[in-house]
Amino acid sequence: MSALQEILRRGEFAVTAEVGPPKGVNREVIEKKCDGLRGFVDAVNITDNQTAIVRLSSFASCLIAKDKGIEPVMQMVCRDRNRIALQSDFLGACAWGVENFLCLSGDHQSMGNHPQSKNVFDVDSIQLLQILKNMRDEKVFQNGEPLKGEIKAFLGAGANPFADPLEFRVIRLAKKISAGAQFIQTQAVFDLEIFSRFMEEVRKAGLDKKAAILAGVIPVKSLSALRYMQNEVPGVVVPDSLVERMKKAKDPKEEGVRICAETIEQLKKIEGVRGVHIMAISWESIVPEIVKEANLYPRPERS
């Protein structure tokens with residue numbers, strides 16, 4: 001099994017981070033980010049043309065991360081590829097030793113730098129999970145034909161605890177887990193009260209026993225960045241108290257790190273939370289400091 005899967009199976013509190021590939025072929029961008037994260041996280045998500053902006057592929061970037069001794073989580077979005085391409089990319093990644101996969105629908109292309117492009121959405125993230133699970137467990141393609149070889153794959157999905165209604169989010173989470181999700185990475189948590197209510201419903205449904213919940217966190221550098229998260233990012237809830245706190249901060253970057261670390265400390269106390277996913281957007285270098293500040297360093301070693 002993958003290192004991430006092993007750590008979660010042992011009951012350790014997992015830490016993952018996120019790396020965005022460059023808008024070009026400069027592999028040194030990935031290598032530098034991985035060098036800074038090595039030893040501080042258990043795995044690194046490689047985003048798949050996030051916000052619908054063309055970048056170096058997640059597949060290629062995962063191979064670069066592996067070369068640097070970092071375990072990758074390959075994101076796969078349904079926006080750009082049909083079921084033929086998705087299954088093919090999955091096989092290719094498995095053949096190269098990638099073992100962690102995060103299935104996502106993907107941001108709409110209107111958000112990105114090619115808004116005139118046609119989306120695909122041949123399948124959604126729940127269907128993709130089921131397809132990959134059947135490829136791994138039943139050794140069949142989506143059309144029922146057999147495939148050859150053993151597949152090692154730890155399958156994950158995203159979840160948004162902050163979208164209304166709450167009951168629907170739990171139902172959708174249950175569908176993803178039923179389809180094959182073994183770990184869940186959530187939207188960024190700023191409002192701990194709402195997230196705690198979400199986790200209460202997750203526990204009532206017994207979903208925390210069926211998949212590992214990793215709560216997302218985002219460190220912010222400035223008041224303007226926090227306000228942007230509060231006002232412009234769908235599915236993110238930022239309490240006014242955090243905005244006021246950032247207003248009063250002498251050093252906004254330090255305060256952003258402090259808020260993130262404190263949030264992680266509170267998340268560790270919530271029953272059913274099995275880890276955190278740190279999304280330091282274009283600020284990957286701050287992740288080691290956050291991990292240390294949140295008392296999550298050193299990371300556990302593989303058995």
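This is a predicted model: local features need pLDDT of at least 70, side-chain atom pairs count only at pLDDT 80 or more; totals for chains, interfaces and linings use all residues.

Visitor: How do the axes of helix H5 and helix H6 cross?

Guide: Two packed helices are described by the angle between their axes and the distance between the axes. Axes are lines fitted to C-alpha atoms, for helices over the stretch in contact, with angles from 0 to 180 degrees between N-to-C directions; helices are DSSP runs of H or I with at least four residues, strands are runs of E with at least two, and both are numbered from the N terminus. Here the axes of H5 (residues 125–137) and H6 (residues 166–179) come within 8 Å and cross at roughly 20°, which makes H5 roughly parallel to H6 (angles under 35 degrees count as roughly parallel, over 145 as roughly antiparallel, 65 to 115 as roughly perpendicular and the rest as oblique).

Visitor: Which residues of H5 and H6 make the contact?

Guide: Taking contact to mean heavy atoms within 4.5 Å, H5 contributes Ser125, Ile126, Leu129, Gln130 and Lys133, while H6 contributes Arg172, Lys175, Lys176, Ser178 and Ala179.

Visitor: How many salt bridges does the count come to?

Guide: A salt bridge is a side-chain nitrogen of Lys or Arg within 4 Å of a carboxyl oxygen of Asp or Glu, and by this rule the count comes to 26. One of them joins aspartate 35 and lysine 68, at 3.4 Å from N to O. Aspartate 35 lies in helix H2 (residues 28–37) and lysine 68 in the loop between helix H3 (58–67) and strand S3 (72–77), so this pair ties together parts that are 33 residues apart in sequence.

Visitor: Where do glutamate 193 and arginine 197 lie?

Guide: Both lie in helix H7 (residues 192–204), four residues apart, about one turn of the helix, and their salt bridge has its closest N and O atoms 3.5 Å apart. Buried means under 20% relative accessible area, exposed over 50% and partly exposed in between, with a 1.4 Å probe and protein chains only; glutamate 193, at 59%, counts as exposed, whereas arginine 197, at 40%, counts as partly exposed.

Technical notes
Residues are numbered from 1 along each chain as its sequence is written. Side-chain values use heavy atoms; hydrogens and water are left out.
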